[in-house]
Amino acid sequence: MDTVITISRQFGSGGRLIGKLLAQKLNIPFYDKEIIVKAAENSGFAKEFIADNEQKHSGFASYAIPTSAWGGISWSNLDNFEAKIYAAEANAIERLAKQGACVIVGRCADHVLKDKVKCLNVFVFADDEERIKRVIDVYGDATDRKKAQKLLRDKDKSRARHYRYYTDAEWGDAANYDLCVNSAVFGIDKCVEMLAAAYLAFDKK
């Protein structure tokens, strides 16, 4: 099985957990923060710096990097460190994906891997009430409803801006994915089951 599963997700939807459990169920590697480590090894940036800046945009970059440039990108031709971080992560994603089947969370992996490896591209979403509950009770990233709502808006806005900037496509638009699943309706475990079944069927195509 060589299919790579990419998972994009709304903040608070449980998409990362779904991806991790899915990888365990399928017995394939799971990559999220590991991509930061790999990108740091090949970019010269500290992994903490990458983690803090991977979805920030200073406004200085004047272009998106074409997908065809990943293999031999020249750092000196990039306008700013955000573009360098993105390119380093993209190179790490491509290298990991070419090692075989795996689950990759976020970082525009669906776009990075387009036409390079066989991908099942997934988007995980949920209603605001469920996401607010998860942000407060599970993630512990906010202490009350008002703070949780702001965090949802800020995180989703950042992900959408980052995705649009580097892919020229709309984050969360169903047309950009093979499957969109509502974790609030089905629950985490059922989403994992459905995606595992979809993966097995897709991989046989």
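A salt bridge is a side-chain nitrogen of Lys or Arg within 4 Å of a carboxyl oxygen of Asp or Glu. Lys-47 and Glu-48 form such a bridge through their side chains, at 3.7 Å from N to O. The structure is a predicted model, in which local features need pLDDT of at least 70 and side-chain atom pairs count only at pLDDT 80 or more, while totals for chains, interfaces and linings use all residues. Residues are numbered from 1 along each chain as its sequence is written, and side-chain values use heavy atoms, with hydrogens and water left out.

**Salt bridges**

- Side chains of opposite charge can pair when their charged atoms come close.
- Twelve salt bridges are found in a search of the whole structure.
- One of them joins the side chains of Arg-16 and Asp-32, at 2.5 Å from N to O.
- Arg-16 belongs to helix α1 (residues 15–26) and Asp-32 to the loop between β2 (30–31) and α2 (33–43), so this pair ties together parts that are 16 residues apart in sequence. Helices (H or I, at least four residues) and strands (E, at least two) are DSSP runs, numbered from the N terminus.
- A network of salt bridges links Arg-16, Asp-32, Glu-89 and Arg-107.
- Asp-154 and Lys-150 also meet in a salt bridge, at 2.6 Å from N to O; both residues lie in helix α7 (residues 145–167), four residues apart, about one turn of the helix.

**Exposure of the charged residues**

- Buried means under 20% relative accessible area, exposed over 50%, and partly exposed in between (1.4 Å probe, protein chains only).
- Asp-32 is buried at 2% relative accessibility, whereas Arg-16 is partly exposed at 32%.
- Lys-47 is partly exposed at 42%, and Glu-48 is partly exposed at 47%.

**Aromatic pairs**

- The structure holds four aromatic pairs. Rings of Phe, Tyr and Trp (its six-membered ring) pair if their centres lie within 6.5 Å; planes under 30 degrees apart count as stacked, over 60 as edge-to-face and the rest as tilted.
- The ring centres of Phe-123 and Trp-171 are 5.3 Å apart and the planes stand at 80°, so this pair is edge-to-face.
- Phe-123 lies in strand β4 (residues 119–125) and Trp-171 in the loop between α7 and β5 (179–182), so the pair ties together parts that are 48 residues apart in sequence.
- Phe-123 and Trp-171 are both buried.
- Phe-123 and Tyr-177 have ring centres 5.2 Å apart and planes at 40°, so this pair is tilted.
- Tyr-86, Tyr-165 and Tyr-166 are linked into a cluster by ring pairs.
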